[in-house]
Amino acid sequence: MIKKYVILSVIIAAILFVSPMAFAVEFGDNSAKITNQYTPGAVGDWGYMLGVGNNWTGRVTYNHVVGIEEVSGAQIGGKTFNNVKCLKVNMIMTELSEDDDFVTIWMAQDTEGNVWFLKIYRFFNDTEYFLGTLFTSMFMPAVPDVSDPAGLILEEDGDTYCRVVETGISLNTNFGSYNSCIKSHCLYNSSLESVEYYCPGVGEVRTTAEIIPNPQNVMDLKGYGTAKATRAIVIPLMD
């Protein structure tokens with residue numbers, strides 16, 4: 001009897017270790033208020049990343065938070081979430097493949113401060129993806145630590161995922177200097193595809209593509225700002 005109890009306890013502990021958030025995630029009335037320091041956001045905020053390097057020169061990614069909308073149908077650990085208030089973010093990318101040129105993301109923050117992408121819409125193939133389908137992890141923990149999820153890659157599974165590999169980084173990009181940043185590796189079929197850097201109060205500041213083995217090929221944050229002039233921080237878009 002004792003042996004059976006021990007085995008059962010081990011099984012339960014293993015389940016809780018593998019998916020602890022499946023039993024704890026909740027979204028409150030303020031889920032569209034993103035206070036996570038590594039993924040800040042509010043209606044009107046924008047960010048602009050510029051490609052640098054032989055292959056990426058001229059490539060641009062522009063993000064703009066355009067409003068608040070409710071999302072239903074996202075799943076975490078088998079639980080379905082409905083009517084969750086989200087920030088709606090439009091993302092425009094140039095010089096990429098057709099299905100990546102225009103993307104809309106609905107993001108929300110849970111009651112613990114973790115940020116999740118609940119829905120993604122790709123304009124050019126007219127397809128919606130909900131959390132719990134091609135991606136299952138949170139986008140950014142409230143307090144990122146090594147081995148935590150951070151970032152997004154599709155189709156997420158045991159060999160395709162993004163994870164924090166380093167914290168407390170000081171980073172100099174082509175357009176700015178940052179402190180207390182985190183570094184995330186995104187793997188595709190167990191091979192390193194990209195390296196992403198996120199910094200407090202700003203969000204993503206650099207992405208490198210490891211599938212193009214040239215460290216000079218990066219996307220760096222060139223400018224960002226907010227709709228509130230009292231806290232606006234703007235880096236000129238042109239030199």
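## Nonpolar cores

A nonpolar core is a set of buried Ala, Val, Leu, Ile, Met, Phe, Trp, Tyr and Cys residues joined through side-chain atoms within 4.5 Å; buried means under 20% relative accessible area, exposed over 50%, and partly exposed in between (1.4 Å probe, protein chains only). The structure is a predicted model, in which local features need pLDDT of at least 70 and side-chain atom pairs count only at pLDDT 80 or more, while totals for chains, interfaces and linings use all residues. Residues are numbered from 1 along each chain as its sequence is written, and side-chain values use heavy atoms, with hydrogens and water left out.

The largest nonpolar core comprises 37 residues, and F27, W116, L118 and M140 have the most contacts inside it. At least two residues of this core come from each of strand 2 (60–71), strand 3 (74–76), strand 5 (84–93), strand 6 (102–109) and strand 7 (115–122); helices (H or I, at least four residues) and strands (E, at least two) are DSSP runs, numbered from the N terminus. Leaving aside residues up to four places away in sequence, F27 touches I76, F81, V84, A108, Q109, D110, T111, W116 and L118, where contact means heavy atoms within 4.5 Å. A second, separate core of 15 residues includes Y197, C199, L221 and Y224.

## Disulfides

Two disulfides are present, each defined as a pair of cysteine sulfur atoms within 2.5 Å. One joins C162 to C186, with an S to S distance of 2.1 Å. Its S-S torsion is about 110°, so the C162 and C186 disulfide is right-handed. This pair links distant parts of the chain, with C162 in strand 9 (residues 161–172) and C186 in strand 10 (residues 177–188), 24 residues apart. Both C162 and C186 are buried.

The other disulfide is formed by C181 and C199, whose sulfur atoms are 2.1 Å apart. With a torsion of about 105° about the S-S bond, the C181 and C199 disulfide is likewise right-handed. C181 lies in strand 10 and C199 in strand 11 (residues 191–199), 18 residues apart. Relative accessible area is 0% for C181 and 1% for C199. In sequence order, the bonded cysteines of the protein chain pair 1-3, 2-4.

## Salt bridges

Four salt bridges are found in the whole structure, each a side-chain nitrogen of Lys or Arg within 4 Å of a carboxyl oxygen of Asp or Glu. Among them, K79 pairs with E26, the closest N and O atoms being 2.7 Å apart. K79 lies in strand 4 (residues 79–81) and E26 in the loop between helix 1 (2–18) and strand 1 (46–52), so the pair ties together parts 53 residues apart in sequence.

R206 and D220 also form a salt bridge (2.7 Å, N to O), and both residues are buried.
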